Amino acid sequence: MELKRVVVTGLGAISPLGNDVQSTWTAAKAGQSGAGPITHFDASKFKTQFACEVKGYDPNEHFDRKKLRQLDLYAQYAMVAARQAVNDAGLESDDQQQFIDKNRIGVIVAAGIGGLHTFEEEAGYYALNQDKGPMYNPFFIPKMIADIASGHISMEYGYHGPNYGVVSACASSNNAIIDAFNLIRLGKADIILTGGAEAAIFPAGVGGFNSMHALSTRNESPETASRPFSKSRDGFVMGEGSAVLVLEELEHALKRGAHIYCEIAGGGLSADAHHLTATHPEGLGACLAMNEALKDANMKPEDIDYINVHGTSTPVGDISEVKAIKEVFGDHAYNLNISSTKSMTGHLLGATGALEAVLSIKAVQEDIVPPTINHDPEDVDEQIDYNLNFTFNKAQNRPVRAALSNSFGFGGHNATVIVKKFQK
């Protein structure tokens, strides 16, 4: 069968850089850091006392009291981003309803962890009250599970199409985008809201990653802690938030006169099959995912102008991804712009791929590559080839015909998405 083409017609985001897409993109272009001292809890006794939190968010501005009882913070973020994306795409506009079949609109929103804060609160309450026996909140399970954001979004709008969550650690939302892309091009849906959400900046999240020595401990300078590809990098900075994209079958989008941001060109998936938490040292799985994405998109390495790398600022991961890029792209690697927007947003775990997809789409739309901040030219790692253009410290203007975005997760999960300029 002939596969249908899939385009992006709506975007939404709430992130450490801004509470909508435009403010997030403006801050990213300017090279702003979203890091600062943790405010969600008292982190004074933790090895890491900072993170990239969402700022200025008041849940009461978005949900009534009854609804808030049902929503973990991660699901709140997902719904805020989904509402923005739906509005941006005009899906609920009165003049669009003749084109909309809600039985053919799906929701696939991922989370790597899900309702960690809810789980932590409930488990802590039981530990403090064991003499009274089990006393759990009736919303405990439906608030905590990692698929529930998709459920809430579908219930809000009455979308009856494919509906589920995806869990593949930090590759989760790239996995979700690829699933949505495949379902639409196979004709299983007209439109799918897809992306990811995460809110794990709480004691269990920070403490758990601290125990693995995964987080930066640069408490004296949070804004400069995420420094991908610099020798002094010492771990990632945790972020939170959500990004949601409206993916739509091309002819359906054209019929209703939708604004088209870009086209989803292809996706690639692989496994490192190597280690519980570390990437393959030679970037084997990353190579497989990028090659599969290029093959799926029927594109050559030379067709890509920008790579939004996983680039978490960890000692092993950054090196292995650079090796993989050089292996896949060969000489063209030196013509690419490469950047890690995690240097600004932090690592949003299961939501990171979705936010980086939004930033990659804006790069394609505006021909601007956001930077990798916090690099000192003298802070060099002899294992990294600095002849590559990492877009250090300042955004760069250049034609961006297509962008490739990588996300890799604990368990060896790898997911690569390619977006390109839309041409009829």
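## A tour from a cysteine to a pocket

Start by selecting cysteine 170: its relative accessibility is 11%, so this residue counts as buried (under 20% relative accessible area with a 1.4 Å probe on protein chains only; exposed is over 50%, and partly exposed lies in between). This is a predicted model, in which local features need pLDDT of at least 70 and side-chain atom pairs count only at pLDDT 80 or more, while totals for chains, interfaces and linings use all residues. Residues are numbered from 1 along each chain as its sequence is written, and side-chain values use heavy atoms, with hydrogens and water left out.

Stay with cysteine 170 and show the sulfur atoms. The closest cysteine sulfur belongs to cysteine 52 and is 14 Å away, too far for a bond. Searching the whole structure turns up 0 disulfides (pairs of cysteine sulfur atoms within 2.5 Å). Cysteine 262 is another one to click on: it counts as buried because its relative accessibility is 0%.

Next, select valine 8. Apart from residues up to four places away in sequence, valine 8 touches Leu245, Val246, Leu247, His259, Ile260, Tyr261, Cys262, Ile264 and Ile361 (contact means heavy atoms within 4.5 Å). Now colour the largest nonpolar core, which has 49 residues; Val8, Leu11, Leu245, Leu247, Ile361 and Val419 touch the most other members. Such a core is a set of buried Ala, Val, Leu, Ile, Met, Phe, Trp, Tyr and Cys residues joined through side-chain atoms within 4.5 Å. Helix α13 (residues 352-366) gives the most to this core, 8 residues. For a second, separate core, of 37 residues, pick Leu91, Ile100, Tyr157 and Ile191, which are among its members.

Move on to helix α10, residues 284-296. Helices (H or I, at least four residues) and strands (E, at least two) are DSSP runs numbered from the N terminus. Show Gly285, Ala286, Cys287, Ala289, Met290, Ala293 and Leu294, the buried residues of α10. They pack against β8 (262-271), α11 (315-329), β13 (402-409) and β14 (413-420). Just after α10, stop at asparagine 298, where phi is positive, about 55°.

Which residues lie nearest the centre of the largest pocket? Select Ala214, Thr277, Ala278, Thr314 and Phe410, which are among the 31 lining residues. α11, β13 and β14 each supply at least two residues of the lining, and α11 provides the largest share, 3 residues.

Note on methods. Expected span 1.5 Å × (residues − 1). 1 Å grid on protein atoms, 1.4 Å probe; cavity = no way out; pocket = protein on both sides within 12 Å on 5 of 7 lines; lining within 4 Å.
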